[in-house]
Amino acid sequence: MNLQRKPSFDSVKKYVLDIFFPNRCPFCGKVIKWSDTCCRKCFDEIPFIVTEHCKKCGQEICICNKTNIYYDSCVSITDYSGIVREGIINFKLDKAVNLVDVFKDDIYKKLSDTIDINKIDVVTAVPMHRSTKRSRGYNQADIISKTVSKVINKPANSRLLIKQSGDIAQHKLTRLEREKAVKGLFSVNKKHIGEIDGKTILLCDDIITTGSTLNECARILKDNGARYVHCFTIASTSMGSGKKESI
Ligand SMILES: [Zn+2]
Ligand SMILES: [Zn+2]
């Protein structure tokens with residue numbers, strides 16, 4: 001710690017926590033400095049998206065004319081491959097919730113390159129069924145939405161949508177099969193309709209594959225009056241990559 005400068009309460013808290021609960025790299029699990037978000041080696045391996053993706057559907061190979069896209073834009077930071085794939089699995093199963101912190105700077109940059117952040121009214125998350133949330137203890141999309149909300153300084157409310165049933169886990173489905181499978185899976189939480197009707201919503205999730213889940217959530221939000229729905233995910237994959245993802 002730099003003793004020349006008076007440390008902030010936050011940094012003291014982190015420093016003390018580090019003694020008892022060492023900070024770990026969310027990708028490889030190696031102990032890292034309390035001021036770091038991941039180890040150097042892993043950072044160098046992050047497959048940041050450098051190719052142009054369609055700003056509306058969020059896909060590298062645009063699907064806007066193949067299906068009705070209800071959301072207005074979608075941005076992702078990395079490809080769902082290599083170290084990020086491992087990191088997201090740890091994030092979902094092993095409580096490596098500090099994964100999102102690695103991308104704090106990129107979240108702001110990517111979003112402000114695509115949308116007018118000032119116009120966002122609320123940041124929300126793709127919901128998890130309550131039984132899954134109970135067994136896992138948290139919804140990873142909710143953690144992402146809370147970090148995004150802090151980064152862009154807009155309110156978060158992860159209760160706008162409700163998932164009606166559990167995950168259809170690890171099924172490799174085509175885009176059309178996914179579209180069918182997500183129909184009726186989500187509804188709005190009527191208690192929060194005031195934060196949906198007429199509002200511009202930023203919807204967060206960990207991964208986008210075909211966009212069927214985000215699209216169905218956006219459809220429900222728009223049916224209930226949302227003016228604009230923008231999407232944000234950490235990673236993006238495509239059906240052609242052969243990777244499996246739960247919908
Ligand atoms: Zn690492
Ligand atoms: Zn497109």
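Starting at the N terminus, the elements of the chain follow the order α-α-β-α-α-β-α-α-β-α-β-β-α-β. That comes to 8 helices and 6 strands, where helices (H or I, at least four residues) and strands (E, at least two) are DSSP runs, numbered from the N terminus. The model is a predicted one: local features need pLDDT of at least 70 and side-chain atom pairs count only at pLDDT 80 or more, while totals for chains, interfaces and linings use all residues. Residues are numbered from 1 along each chain as its sequence is written, and chains are lettered from A and ligands numbered from 1 in the order in which they are written.

Of the 247 residues in the chain, 37% are buried. Here, buried stands for 20 or more other C-beta atoms within 10 Å of a residue's own, exposed for 12 or fewer, and partly exposed for anything in between, with C-beta atoms placed from the backbone. Among contacts with a separation of 6 or more, 73% link residues 24 or more positions apart; a contact needs two C-beta atoms, placed from the backbone, within 7 Å.

Now for helix 3, residues 82-93. Its 12 residues reach 17 Å from the first C-alpha to the last, close to the 16 Å expected at 1.5 Å a residue (the expected span is 1.5 Å times one less than the number of residues). Its buried residues are Ile83, Val84, Gly87, Ile88, Asn90 and Phe91. The partners of the buried residues are helix 2 (40-45), strand 1 (73-79), helix 6 (140-152), strand 5 (200-208) and strand 6 (228-236). Just past the end of helix 3, Lys95 has a positive phi of about 60 degrees.

Further along, helix 7 (residues 175-182) packs on helix 8 (residues 212-223) at an angle of about 40 degrees, the axes being 9 Å apart. Arg175, Arg178, Glu179 and Val182 of helix 7 make the contact with Ser212, Thr213 and Glu216 of helix 8. Axes here are lines fitted to C-alpha atoms, for helices over the stretch in contact, and angles run from 0 to 180 degrees between N-to-C directions.

Lastly, Lys133 sits in helix 5 (residues 130-136). With 14 C-beta neighbours inside 10 Å, Lys133 counts as partly exposed.
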